[in-house]
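Colleague: Please take me through this model one feature at a time. I would like the general idea first and then the case at hand.

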Amino acid sequence: MELCVALDLPSKKENLELAKLLKSEDVWLKVGLRSFIRDGKPLLEEIKAINPNFKIFLDLKIYDIPNTMADAAESMVSLGVDMFNVHASSGKEAMSLVMQRLSSVQNPPLVLAVTALTSFDENSFFAIYNEKIAKKAAQFAKDAYASGLNGVVCSVYESLLIKQETTSNFLTLTPGIRPNQEAQGDQKRVADVKMAREQKSDFIVVGRPIYQSGDPLGVTQKILEQI
Ligand code: C5P
């Protein structure tokens, strides 16, 4: 299991300070909507300048028509990121086209599909998808698997089921991790590191419990020990 630390801080300076603090740790860094919209490609370059071995997950969760998704995927590849994601609800045609465009790329990034956001509970999910979370997440995962993606984003609670419905090698990346029962914030389906390990999560994502703590390096090292 690997740790992805979310760089969701209010400024580029603060994100880079966190990256510097974690310079010697074996972590992935996740750049999401807030940071990428604000700071763009230079942020990615400055992260790599701190430590070229940092792996970067660009978490933009793209969702559009197939051709636009595939064009955007090519643009993300050209940024040199190591992993990016799309929404599984964009459908098999869009996901397959994304993977087709990546087929000629040497060392392509990992591509994951978002199934059910960890901020949904059953009621809020049902209101949109008219289905239970586990059932729909498993269906989305099967679509992503059939489209040639490397894995999915899901909660810890769907990780094992998704591996049973696809293969054990199909990656699960699970946000909503609260290592020490920290505040959930907007997250609804949360779990700790031990549970993520038991449920065979391949990557855990941790944001606020690290960057809002008084000791981000200490919290990170503790999580890495638990992993
Ligand atoms: O602060 P917290 O640990 O809740 O951060 C979780 C991170 O993972 C955020 O950057 C959020 O955008 C992202 N994420 C998520 N749920 C998903 C996909 C990504 O929480 N399904």
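Colleague: Is H87 buried or exposed?

Modeller: Buried means under 20% relative accessible area, exposed over 50%, and partly exposed lies in between (1.4 Å probe, protein chains only). At 16% relative accessibility, H87 counts as buried. This is a predicted model, in which local features need pLDDT of at least 70, side-chain atom pairs count only at pLDDT 80 or more, and totals for chains, interfaces and linings use all residues. Residues are numbered from 1 along each chain as its sequence is written, and side-chain values use heavy atoms, with hydrogens and water left out.

Colleague: Where is H87 found, and which residues does H87 touch?

Modeller: H87 belongs to strand β4; strands (E, at least two residues) and helices (H or I, at least four) are DSSP runs numbered from the N terminus. Contact means heavy atoms within 4.5 Å. Apart from residues up to four places away in sequence, H87 touches K61, I62, Y63 and V114. D39 is 48 residues from H87 in sequence and 23 Å from H87 in space, C-alpha to C-alpha.

Colleague: In what order do the strands of the barrel close?

Modeller: Strands of a sheet pair through backbone hydrogen bonds, either parallel or antiparallel. Here eight strands close into a barrel in the order β1-β2-β3-β4-β5-β6-β7-β8, with parallel pairing; two strands pair if DSSP finds at least two bridges between them. From one strand to the next the twist averages 25 degrees, as an angle from 0 to 180 degrees between the N-to-C directions of axes fitted to C-alpha atoms. C4 has W28 as its bridge partner in β2.

Colleague: Which residues of β2 lie on one side and which on the other?

Modeller: In a regular strand the side chains alternate between the two faces of the sheet. In β2, W28, K30 and G32 are on one side and L29 and V31 on the other, and both faces are covered. Five of the five residues of β2 are buried, so the strand is largely enclosed by the rest of the structure.

Colleague: Which residues have the most contacts inside the largest nonpolar core?

Modeller: In soluble globular proteins, nonpolar side chains tend to be buried together. A nonpolar core is a set of buried Ala, Val, Leu, Ile, Met, Phe, Trp, Tyr and Cys residues joined through side-chain atoms within 4.5 Å. The largest one here has 56 residues, and L29, V31, I47, F84 and V86 have the most contacts inside it. A second, separate core has 12 residues, including L112, V114, V153 and L173.

Colleague: And a helix residue, such as A70: is A70 buried or exposed?

Modeller: A70, in helix α3, is buried with a relative accessible area of 0%. A70 touches L97, V98 and R101, not counting residues up to four places away in sequence. The C-alpha atoms of A70 and M99 are separated by 7.9 Å, at 29 residues apart along the chain.

Colleague: Which residues lie nearest the centre of the largest pocket?

Modeller: On a 1 Å grid over the protein atoms alone, a pocket is an open set of points where a 1.4 Å probe fits, with protein on both sides within 12 Å along at least five of seven lines; lining residues have an atom within 4 Å of a point. The largest pocket is lined by 29 residues, and D8, K30, D59, K61 and Q187 lie nearest its centre. Its volume is about 540 Å³, where grid points are joined across faces, edges and corners and the volume is the space filled by probe spheres set on them. Among the elements that each supply at least two lining residues are β2, α2 (33–50) and β8 (203–206). β3 gives the most, with three residues.

Colleague: What about the loops: where is T118 found?

Modeller: T118 is in the loop between β5 (110–114) and α5 (122–129). T118 is buried, with a relative accessible area of 8%. Its contacts, leaving aside neighbours within four places in sequence, include C154, S155, P175 and Q187. N130, in the loop between α5 and α6 (133–146), counts as exposed at 56% relative accessibility. N130 has a positive phi of about 55 degrees although it is not a glycine. K200, in the loop between α8 (193–198) and β8, also has a positive phi, near 65 degrees.
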